Amino acid sequence: MRSSMNTRPLGEQGQAAKHAASALTAASRQARREALYLALAQVPAGKVVSYGQLAELAGLGRAARWVGRTLGQLPDGSSLPWHRVVAAGGRLSLPAGSPPAPSSGPVCAPRACWSTTTGWISDGTAGARWSTAVRVRPLSDHPQAENRPMPRKSWRDAIAAYSSPATLVLLLLGFAAGLPYMLVFSTLSVWLREAGVARETIGFASLIGLAYAFKWVWSPLLDQWRLPLLGRMGRRRSWLVLSQVLIASGLVGMALCDPQTHLTWLIALAVLVAFASATQDIAIDAYRLEIVDNSRQAALAASYMAGYRIAALLATAGALYFAEGFGSTVLSYQHSAWAGTYLVFALLMLPGLLTSLWMREPPVPLKTQLAAARYGFSHQMVSVLVLIVLLVSVPAMFTQLYHTDFASLVRGEASLLDLLLEDRAFLRALLYTILTGLCLSTMGRRGLAPVLTPVNDFIVRYRWQALLLLGLIATYRMSDTVMG
């Protein structure tokens, strides 16, 4: 009892001591803040100082980190009446309880100087680190300065943006990109239907469009590999010329093939056109991003889509009009009419080819050069091969497992050995399982590195938002496809 009675006063004394210590600490922090604010008031407007210099001016010694942390934790909605401190982080302002200022001084809105933060970090830091440089600046007297108006552009600026050589180049390249996509997809389906090809075969032929869905598989090749002869033209132009020549040649070959007698050759040439067209899309996107800076990307994208849409309309409704004009209808099929139609569209690839030969090659960014030196061409080709095997093996494995007669094994009518010897679906499922395991092994993942590195970079950059972006990409064209 005596010990417990003596413990309580000691606990109360300890609590009082803690409260006193915390009060002293808070008072010390408040005193340091007031010293810092007084030091800031002594800095001339426009002078660049560092956190260390502010600490020395306030008599705080080597407290640069504390100064930076204190300024960085200030509420964004507060302001100092006669000047404002902005650091490299871009979100600093002094609290309303800071030392009083003359009422006649200019006032600043909280975010008035946000966009000019980078420009304030200059060479006048007197040896200070870039991340610790701050500048004291007088501010304007407009309470709505945080709503900075967008830069005004005149009609002359818009006309100059859309009449620049780069914009005209993207218009013609967009036209060249829109033609082959429809000619191997919807227009080819109409041609096959008029020729009397079965619907099942037409459905399988529509899988040609998967070349556009998986063009990311070989897109790193365009940065990694320089073409032997055409490579002298440049990294982008050489791939554009090669793909456009293959597209035009493939369309001519398709025109010479009658689906009633040479359906296999027609489908094979359509696959060639689809892969060449997807490669052309990759090269055009890379060219658009490298030829101008970000401020002009919107005009280039709009010009590209305008050319693409015009070509898509011409390759669908225009192709049907040409075929009927040349003498082919649903009731009376004429191969010569469709041959003439596809020859016309092969000639329409000529403006895009001439554009690729005429336009200038954009400079190769340093990031692209470093990425090209990271993996060799043989490693890149192996990665494409391994990924194709993986994409084929996984769905085929589940399909064969679905067709395997596991019911007889469960009922006891057959043994596992019987499935191995008699059930071909089970054998094929085992084969695809082995191929999948090899692709996902350590050696297989090393082989997939050139292809998966951009995907991993995308996921690391956007994290969970990458799923939302992929969902948007996978569905935003659905209505477009249904409408034809």
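So, burial: in this predicted model, 39% of the 484 residues in the protein chain are buried. As for the surface, the chain exposes about 28400 Å², and 64% of that comes from carbon and sulfur atoms.

On secondary structure, we've got 24 helices and 3 strands in the protein chain. And if you take the contacts with a separation of 6 or more, 73% of them are between residues 24 or more positions apart.

Now over to the outside. There's a nonpolar patch on the surface made of F398, L401, F406, L409, L416, L417, L420, L421, L427 and L430. Taken together, these residues have about 860 Å² of accessible area.

Where does the patch come from, in terms of helices? At least two residues each are supplied by α17 (377-403), α18 (406-411), α19 (416-422) and α20 (424-440). The largest share is from α19, with 4 residues.

Last one, then: L430, which sits in helix α20 and belongs to that patch. Its relative accessible area is 33%, so L430 counts as partly exposed. The patch cut-off is over 30%, so at 33% L430 passes it.

Note on methods:
Residues numbered from 1 in each chain as written. Predicted model: local features only at pLDDT ≥ 70, side-chain atom pairs only at ≥ 80, totals over all residues. Heavy atoms only, no water. Buried < 20%, exposed > 50% of the residue type's maximum accessible area, 1.4 Å probe, protein only. Contact = heavy atoms within 4.5 Å. Areas by Shrake-Rupley, 256 points an atom, 1.4 Å probe, with all protein chains shown as cover. Patch = residues over 30% accessible without salt bridge, like charges linked within 9 Å, V, L, I, M, F, W, Y side chains within 5 Å. Salt bridge = Lys/Arg side-chain N within 4 Å of Asp/Glu carboxyl O.
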